Amino acid sequence: MIRRWIALAILIGAVGACGPFCGNGKLNLSNARLNPTSFTCPVDVTDYSYSLKGSFDADNQTSKSIAIKAMSTSVTVVKLAGNWGIKVGDKSGANDIEFSPKNLNSGSKGTINFTTPWSCTDVGNNTVETYADFKVVLTMETSNGTYKVDLPNHRMKMA
């Protein structure tokens, strides 16, 4: 009987000591990046298309592989300078954006890359500095739940 208690105490001690070496059992996302963080819209264009490319680090400390099903972005206007047809607080976004990889194996670390479409219109005649700052949030739907990643702000300038 005493041997069982000693074995149980050793097992409990080993599990407790595992702490930082065994991970936290979560999918951890960090180091979000966005490129470009600033873009100058050409003069005299309507719905000029360009892409924002981004990435963030992922550390799958769960005991299972995680499938990434879909990604989308939500965008909120947070600051305006000059004459705009939008206002602070306006929202938009993109669904079904491109991303890779599609899976994160248990215990793996890697970088998730994505591309989201963006567009601008610049009719010209900007007599003062004209720009808009946007807060960008990425939503990632996975087999392990839904995650949100705050990305750096994106500034769109008018030439």
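Trp118 comes first: its relative accessibility is 11%, so it counts as buried, the cut-off being under 20%. Please keep in mind that this is a predicted model.

What is the relative accessibility of Phe134? For Phe134 the value is 6%, so Phe134 counts as buried. These two residues form an aromatic pair. A pair of aromatic rings is described by two things, the distance of the centres and the angle of the planes. For Trp118 and Phe134, the centres are 5.4 Å apart and the planes stand at 80°, so the pair is edge-to-face. The pair also links distant parts of the chain, with Trp118 in strand S8 and Phe134 in strand S9, residues 131-142, 16 residues apart.

There are four aromatic pairs in the structure. Another one of them is Phe39 with Tyr48, whose ring centres are 6.1 Å apart and whose planes are at 20°, so this pair is stacked. Phe39 has 18% relative accessibility and counts as buried, whereas Tyr48 has 33% and is partly exposed.

In the case of Tyr131, Arg155 lies over the face, 3.7 Å from the ring centre.

Next, the disulfide. The structure has one. Which residues form it? The partners are Cys41 and Cys120, and their sulfur atoms are 2.1 Å apart. Cys41 belongs to strand S2, residues 38-41, and Cys120 to strand S8, residues 109-122, so to speak a link between distant parts of the chain, 79 residues apart. The link is right-handed, with 90° about the S-S bond. Are the two cysteines buried or exposed? Cys41 is buried at 0% relative accessibility, and Cys120 is buried at 3%.

Last, the largest pocket. The space in it is about 610 Å³. Its lining has 31 residues, and those nearest the centre are Trp84, Ile86, Thr121, Met156 and Met158. Elements that give two or more residues to this lining are strand S4 (66-81), strand S5 (91-94), S8 and strand S11 (154-158). Which element gives the most to the lining? That is S8, with seven residues. By type, the lining residues of the largest pocket are 13 nonpolar, 14 polar and four charged.

Note on methods. Residues numbered from 1 in each chain as written. Predicted model: local features only at pLDDT ≥ 70, side-chain atom pairs only at ≥ 80, totals over all residues. Heavy atoms only, no water. Disulfide = S-S within 2.5 Å. Helix = DSSP H or I, 4+ residues; strand = E, 2+ residues; numbered from the N terminus. Buried < 20%, exposed > 50% of the residue type's maximum accessible area, 1.4 Å probe, protein only. 1 Å grid on protein atoms, 1.4 Å probe; cavity = no way out; pocket = protein on both sides within 12 Å on 5 of 7 lines; lining within 4 Å. Points joined across faces, edges and corners; volume = space filled by probe spheres on them. Nonpolar A, V, L, I, M, F, W, Y, C, P; charged D, E, K, R; others polar. Phe/Tyr/Trp six-rings, centres within 6.5 Å; stacked < 30°, edge-to-face > 60°. Lys NZ or Arg CZ within 6 Å of the ring centre and 35° of its normal.
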